[in-house]
Amino acid sequence: MAPPGPRTPAIVNAVRYARDPLGFHPRAHRRHGDVFRLSFPDFRDVVYVADPDLVRELFTGDPAQLHAGEANATILEPAVGPSSVLVLDDDRHLRARKLLLPPFHGRSLEAHRATIHEAAAGDLERWPVGRPFAVHPHMQAITLEVILRAVFGVRDAGRLAHAREVVAEFAEASSALMLPSVLRRDLGRWSPWRRFLRSRDALDALVREELALRRAEDDGEDRDDVLALLLRARDEDGRPMDDAALRDELVTVVGAGHETTATALTWAVERLVRHPEALARLRASLEAGETAYLDAVIKETLRVRPVIADVARRLTAPLEIGGHRLPAGTIVLAAITAVHAREDLYPDPGAFRPERFLAGDAPGTYGWIPFGGGIRRCLGAAFAQEELRIVLREVVLRADLRAGDPADERARMRNVTLAPARGGRVVLERPVRPAPAPSPALAAT
Ligand code: HEM
């Protein structure tokens with residue numbers, strides 16, 4: 001039997017989702033149960049699961065049967081390209097993933113900590129005093145600088161500024177990826193798709209320049225940025241990656257790696273300024289050199305305001321899940337917002353309470369899934385969490401912030417992310433304090 005779901009037309013579902021992307025799936029879950037079906041204009045009869053045990057089945061089932069790459073490709077391939085780790089499946093996916101893991105873990109992650117701290121400390125000096133402003137653009141500037149330095153190892157200020165401009169325009173123009181398929185084509189000079197294609201050409205040119213510059217250097221062997229690692233990589237036959245594949249992985253990591261983290265940082269500030277008791281506790285704990293509450297704040301932010309609403313797998317063979325037999329070709333998604341809003345896992349789920357994650361009874365692996373899971377779990381999860389720790393510590397210790405407006409900010413779709421509608425408006429009450437010493441090494445969770 002097909003899973004239950006609303007009878008409303010696809011276009012109505014799309015409008016309702018756009019109006020309230022955070023509450024839409026939790027509502028469908030409450031009405032229809034742990035497995036429900038929805039249709040959207042380009043995605044008919046997709047199936048959501050909102051129960052941790054079913055999420056586990058989806059994330060840990062046979063990857064040959066559960067193709068995430070194929071599901072991601074529908075929206076993302078025009079941006080990231082056909083060789084991106086995000087759109088590959090099976091052996092090719094595993095090979096790409098193996099290659100990309102080291103630059104974002106262990107010793108390499110350690111090397112990026114100073115970059116993150118420097119970018120945050122520098123940007124804070126530019127925050128205006130005494131009048132409302134949106135923190136989102138500042139968080140974007142910080143995370144973009146971090147990812148560009150981590151990926152390309154760009155040290156030159158002029159090149160960094162140019163790269164920032166090109167990548168920011170690409171990120172902005174990529175909202176065209178979310179348009180209905182009829183509008184995802186070049187409909188003339190002013191069409192969103194034309195703007196997207198132009199920004200993609202500029203980004204491709206930038207990547208080619210960086211590759212050429214790097215190949216002309218002779219200290220490539222000493223570098224530990226992502227580009228250096230990819231240039232040194234060889235397949236089983238000893239062949240290096242070709243330029244098209246290199247381009248796709250570089251764009252993937254830059255694209256997946258900065259907007260998401262900037263949005264999470266903005267939500268953290270948006271939640272904290274509306275919960276002064278949590279903000280005060282966080283500052284006191286950081287001043288005392290403790291980090292447990294900081295980690296709890298980050299976890300709770302990613303729970304109540306997950307940056308990505310759902311993650312998809314496309315069935316290559318029929319699958320039975322939650323008592324429903326689904327045909328091959330079905331897209332099955334883990335409804336992240338709905339899992340995180342379960343009353344049985346998180347009493348009073350709408351409340352922002354970092355303490356939940358201190359009590360030691362936080363839900364297991366599949367009850368907290370902002371980074372997806374299984375062999376597709378976010379490659380940058382450790383990197384993103386470290387960046388969140390370092391930037392938030394800097395902000396909370398140095399800036400006296402209050403909400404620009406007492407009402408909670410609503411979530412709105414920004415590309416594939418759920419972002420605060422007003423960009424996280426805050427008021428900085430007095431000039432930032434002097435920089436504290438760089439944060440101590442924080443254990444990755
Ligand atoms: C708060 C920040 C971030 C969030 C919420 C986030 C979330 C996600 C999610 C939900 C997925 C899909 C997982 C799945 O299908 O099960 C994903 C995949 C991915 N993310 Fe992130 N991400 C973040 C930051 C980053 C960063 C900083 C990087 C790179 C440095 C990155 C690189 C990737 C890549 C390469 C994949 C594809 C993995 C694969 O298909 O094997 N992400 N991320």
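**Close-up 1. Helix α2 lies across strands β1, β2, β5 and β8 of the sheet.** Helix α2 covers residues 24-32, β2 covers 43-49, and the helix runs at about 130 degrees to β1. Axes here are lines fitted to C-alpha atoms, for helices over the stretch in contact, and angles run from 0 to 180 degrees between N-to-C directions. Helices (H or I, at least four residues) and strands (E, at least two) are DSSP runs, numbered from the N terminus. The model you are looking at is predicted: local features need pLDDT of at least 70, side-chain atom pairs count only at pLDDT 80 or more, and totals for chains, interfaces and linings use all residues. Residues are numbered from 1 along each chain as its sequence is written, and side-chain values use heavy atoms, with hydrogens and water left out.

**Close-up 2. Helix α3 (residues 52-60) also packs on the sheet.** Here the touching strands are β1, β2, β3, β5 and β8 (contact means heavy atoms within 4.5 Å), and the direction of α3 makes about 130 degrees with that of β8.

**Close-up 3. Buried residues in α2 include Phe-24 and His-25.** Pro-26, Ala-28 and His-29 are buried as well (under 20% relative accessible area, with exposed over 50% and partly exposed in between, for a 1.4 Å probe and protein chains only). The buried residues of α2 pack against α1 (10-19), β1, β2, β5, β8 and α14 (336-340). After α2 comes Gly-33, with a positive phi near 100 degrees.

**Close-up 4. The open sheet has five strands in the order β1-β2-β8-β5-β3.** Its pairing is mixed, where two strands pair if DSSP finds at least two bridges between them. β1 (35-40) and β3 (66-67) each have a single partner strand, so one side of each lacks a neighbour in the sheet. Antiparallel strands β5 (residues 310-315) and β8 (residues 331-335) are joined by five bridges; Arg-314 has Ile-331 in β8 as its bridge partner.

**Close-up 5. Gln-65 sits in the loop between α3 and β3.** Gln-65 is buried, with a relative accessible area of 19%. Leaving aside residues up to four places away in sequence, Gln-65 touches Arg-314, Leu-315, Thr-316, Ala-317, Pro-318 and Leu-319.
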